[in-house]
Amino acid sequence: MSQTLSGKEQARFDQARSIIRGRLVRIGAILATITGGGVYLANKSASPPELVAPNSGNTPVMYSEKNIQAVNVLIQKVATGMTNLDNATRVERTKLGDFAKEHLEGPFDIIKMNVENPNINAPKFKKESLRRGESGYHTQNLYYFGYAEAELDDYAAAFSPSEKIMMLSSKLDPNNLLDMLVVYHELSHAVQDGNTRQKIRSREDMGKYIAFFKMDPGGKGRIVIIDEGSAYAREIEMLNILLKGTLKESITAGKGVDISSVQKALNSRPEQNGTIQMLIAMANTYYPEGLTDGNLPKKFLDHIAKLYRSRGYEVYIPVTSGGLRIYR
Ligand SMILES: [Zn+2]
């Protein structure tokens, strides 16, 4: 397999392979949610001081006073919107099997935890740390992440594991449940990031983990297919709940799903219909199996991998002996 990689790809592959501990943990974190009852977040305690999470400090975060205030408004919108999503789905979530139930709680858990984060406003923190002459920052709780504002064309939010920052669109609407499903998906990545960092035992391994997700200027983004699949699985399960089970029913019966009725149910903007179409196409490969036994359908992972490759991403999968390989 390695002979098919170019020199640059090989270097990346080698780098990825060396993240042995971090990768194994990722599988472990997912396995823990399959087997464990109780809270999704394995360990909510602060990490040892020597293993605090370094931030690369290169985030293109604007830090004018205006920007700091704008982020405060967005943080409030996320809180309101996630409460709306929680209220719209809570009763149905409790009726799910143990695995699905646990799996769906993580994003709600982490958002409550992150409220305590003193550095939740990334531009504010960046301004203060620059004043102190620091180039990056450390966080004492590995689940904490900051928020910043960004112009995101089609998306309400995006999470950067290397920066531990969630970018939010100024268009984010707490009453638009599709926006909130996107935030919920990104919060899944924040949970995965926290679970992985929680298990990393040296600064060197932490550096490798961060380097893996850090995009070079003009370089390719990277995803780990298990993590991406797991985040989309959650998003689809939540969408199915919001549609009162009709998503799964229609797909299982081989019937089409009416996009305009989904748009109405989610109160989404017409320009988000492409996102709805993307989720329905994914759900077509996810159901009827779903994630109830803790495994994601291969055709579902293949579908996501193809989509991300077409967007220019490199797609990886953990290997049981440790490290990562390119997912084919
Ligand atoms: Zn994702």
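This is a predicted model: local features need pLDDT of at least 70, side-chain atom pairs count only at pLDDT 80 or more; totals for chains, interfaces and linings use all residues.
1. Start with helix H8, residues 225-242. The helix has 18 residues and spans 25 Å from first C-alpha to last. That is close to the 26 Å expected at 1.5 Å a residue. Of its 18 residues, 18 are buried, so H8 is largely enclosed by the rest of the structure. After H8 comes Lys-244, with a positive phi near 55°.

2. Next, look at how helix H3 (residues 65-94) meets helix H6 (residues 177-199). They pack at an angle of about 100°, and their axes are 9 Å apart. Angles of 65 to 115 degrees count as roughly perpendicular, so H3 is roughly perpendicular to H6.

3. Which residues of H3 and H6 make the contact? H3 supplies Val-78, Gly-81, Met-82, Asn-84, Leu-85 and Ala-88. H6 supplies Leu-177, Asp-179, Met-180, Val-183 and Tyr-184. By class, the contact has 8 nonpolar, 2 polar and 1 charged residues.

4. Turn to the sheet. It is open, has 3 strands in the order E3-E5-E4, and its pairing is mixed. E3 (146-149) and E4 (157-160) stand at the edges with a single partner strand each, so one side of each has no neighbour in the sheet. Neighbouring strands are turned by 25° against each other on average, direction ignored.

5. Within the sheet, E4 pairs with E5 (residues 165-168) in the antiparallel sense, over 4 bridges. Ala-157 stands opposite Leu-168 in E5.

6. H3 lies across E3 and E5, at about 115° to E3. Helix H5 (residues 122-131) also lies across E3 and E5, running at about 100° to E3.

Notes
Residues are numbered from 1 along each chain as its sequence is written. Helices (H or I, at least four residues) and strands (E, at least two) are DSSP runs, numbered from the N terminus. The expected span of a helix is 1.5 Å times one less than its number of residues. A residue is buried if 20 or more other C-beta atoms lie within 10 Å of its own, exposed if 12 or fewer, and partly exposed in between; C-beta atoms are placed from the backbone. Axes are lines fitted to C-alpha atoms, for helices over the stretch in contact, and angles run from 0 to 180 degrees between N-to-C directions. Angles under 35 degrees count as roughly parallel, over 145 as roughly antiparallel, 65 to 115 as roughly perpendicular and the rest as oblique. Two residues are in contact if their C-beta atoms, placed from the backbone, lie within 7 Å. Ala, Val, Leu, Ile, Met, Phe, Trp, Tyr, Cys and Pro count as nonpolar, Asp, Glu, Lys and Arg as charged, and the others, Gly among them, as polar. Two strands pair if DSSP finds at least two bridges between them.
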